[in-house]
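Student: I have a new model open on my screen. Can you walk me through it?
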Amino acid sequence: MTPAARTQAAIDLLDAIIGAARDGGASADVLIARGFAARRYAGSKDRRAIRGLIYDAIRLCGERPESGRAALLALAARDPALAATFDGSGYGAAAIREGEPVAQAGIAPMWLMDALASSGIDAAQAAALLDRAPLDLRVNRLKADPAQVRAELPEAADIPGLPDALRLPADTQVEATEAYGVGGIEVQDAGSQIVTLAGGAAPGMRVIDLCAGAGGKTLALAAAMANQGTLLATDTDRTRLSRLMPRAQRAGVSIVETRLLNPGRELEPLADWTDSADVVLVDAPCSGTGTWRRNPEARWRLTPARLAKLVETQARLLDVAATLVKPGGTLIHIVCSLLDAEGADQAAAFLARHPHWAAAPLALPAGTPHGSGMRLTPLSHSTDGFFVAKLVRA
Ligand SMILES: C[S@@+](CC[C@H](N)C(=O)[O-])C[C@H]1O[C@@H](n2cnc3c(N)ncnc32)[C@H](O)[C@@H]1O
């Protein structure tokens, strides 16, 4: 492909990504993969270049741009070599016209910048939310040990405070390693690993991962429990949950059971767990403001109305979880968001609704105290952004 044709392909894919962000459609990664499947003529160098242009444009534009072309023109305004590819040749991007719309550069939509600022996230912290994330691994001690993995991946660096974690440059291919093949490593952000430790899950306990998804944290809980005890993983998303058991088998985890929940009727299949869990982890559905490093277009999806709906669901899920925790047991509230509405304020509202519960101090390898919990940020802790609170039943 010519550079001009690559630019046009990036514009076309950005149009699809912008539309999906507006209408709640597929993620940028999925749309890019589909776009490449339909463009078999694009070689690996073309794909890398197009993908790079798309993500540079997404990172640059804080507000959802009106078109893919407006987004790439914003990038071209800072990059003369890219501007020169708008040459109108063959399948290439049309020449730049005087006065055509150019997207605004920025970190996030203004309402979201205001919400972050009032949650204590200043401009430097907000800008770091769009940095490129490294590739973090969790060594699965049920199948491997860190020294073994390090021998296979000598470029891996330690992550302070996390003896089972290793850090590699972004884009490192780990799927071909023997450790990956035998279930000895899981790709998991260090922040995710840290907040999972908050529950203090240990061998022999009864633990619920209420919003388990495909089981990233479930597998970390199972490893912390040395595969001893009872671990229930639930979610309302059948597709995600169906990926959990094959992953568990590969990871050598045999203590996990999955149950599919109905939104709004989550407690119905959980009656046998009432008042009995040592730990319930609520890794709640959230705005994902802490994961923009991986999904920068997520900030084009969020609206005040979508955020309000998430906050409502989180509150309901915390109340559901509270009925499952035994006296003296622990509820862990986790969001990969830095908005107080989802984190500190949500935990405070829970405590106000539940007088027999209290926030307990957290001893984590990293984090900054925030509200009744702790916060992790890309700038301060080199992790995705998280809020975590430990809530204990009297
Ligand atoms: C942040 S993700 C969980 C990620 C997962 N724990 C991991 O570590 O990979 C939130 C999950 O909540 C699930 N969810 C949404 N509404 C729910 C509900 N009412 N009950 C339980 N899970 C729900 C979503 O399907 C999604 O998988």
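**Domains, ligand and an annotated cysteine**

Tutor: The protein chain is divided into domain 1 (3-106), domain 2 (135-187) and domain 3 (190-393). Keep in mind that this is a predicted model.

Student: What separates the centres of domain 2 and domain 3?

Tutor: Taken over C-alpha atoms, the two centres are 24 Å apart. Twelve residues from domain 2 and 13 residues from domain 3 make up the contact.

Student: Which strands supply the domain 2 side?

Tutor: β1 (135-139) and β3 (162-168) each give at least two residues to the side of domain 2 that touches domain 3. By class, that side has four nonpolar, three polar and five charged residues.

Student: Where is P134?

Tutor: P134 is in the loop between α7 (123-128) and β1.

Student: Which residues is P134 in contact with, leaving aside its neighbours within four places in sequence?

Tutor: R167, L168, P169 and A170. Take P169: this residue is 35 residues from P134 along the chain, yet their C-alpha atoms are separated by 5.1 Å.

Student: And why does P134 count as partly exposed?

Tutor: Because P134 has 18 C-beta neighbours inside 10 Å. The buried class needs 20 or more.

Student: New topic. What does UniProt list as "active site"?

Tutor: The unreviewed entry lists C336. C336 is in the loop between β9 (325-335) and α16 (344-353).

Student: Is C336 buried or exposed?

Tutor: Buried, because 27 C-beta neighbours lie inside 10 Å of C336.

Student: Which residues does C336 contact, leaving aside its neighbours within four places in sequence?

Tutor: C286, G288, G290, T291, D384, G385 and F386.

Student: What domain annotation does UniProt give?

Tutor: The unreviewed entry has "domain: SAM-dependent MTase RsmB/NOP-type", covering residues 102-394. That span is 31% helix and 24% strand. Its end C-alpha atoms lie 57 Å apart.

Student: Now the ligand. Which residues come nearest?

Tutor: C211, G213, G216, D237 and D283, out of 18 residues around the ligand.

Student: Which helices supply at least two residues of that shell?

Tutor: α11 (216-224) and α15 (304-322) each do.

Student: How do the shell residues divide by class?

Tutor: Eight are nonpolar, four polar and six charged.

Note on methods:
Residues are numbered from 1 along each chain as its sequence is written. This is a predicted model: local features need pLDDT of at least 70, side-chain atom pairs count only at pLDDT 80 or more; totals for chains, interfaces and linings use all residues. UniProt positions are given in the numbering used here, feature names are shortened, and annotations may be inferred rather than shown by experiment. Helices (H or I, at least four residues) and strands (E, at least two) are DSSP runs, numbered from the N terminus. A residue is buried if 20 or more other C-beta atoms lie within 10 Å of its own, exposed if 12 or fewer, and partly exposed in between; C-beta atoms are placed from the backbone. Two residues are in contact if their C-beta atoms, placed from the backbone, lie within 7 Å. A residue is near a molecule or strand if its C-beta atom, placed from the backbone, lies within 6 Å of it. Ala, Val, Leu, Ile, Met, Phe, Trp, Tyr, Cys and Pro count as nonpolar, Asp, Glu, Lys and Arg as charged, and the others, Gly among them, as polar. Domain bounds come from an automatic or database domain assignment.
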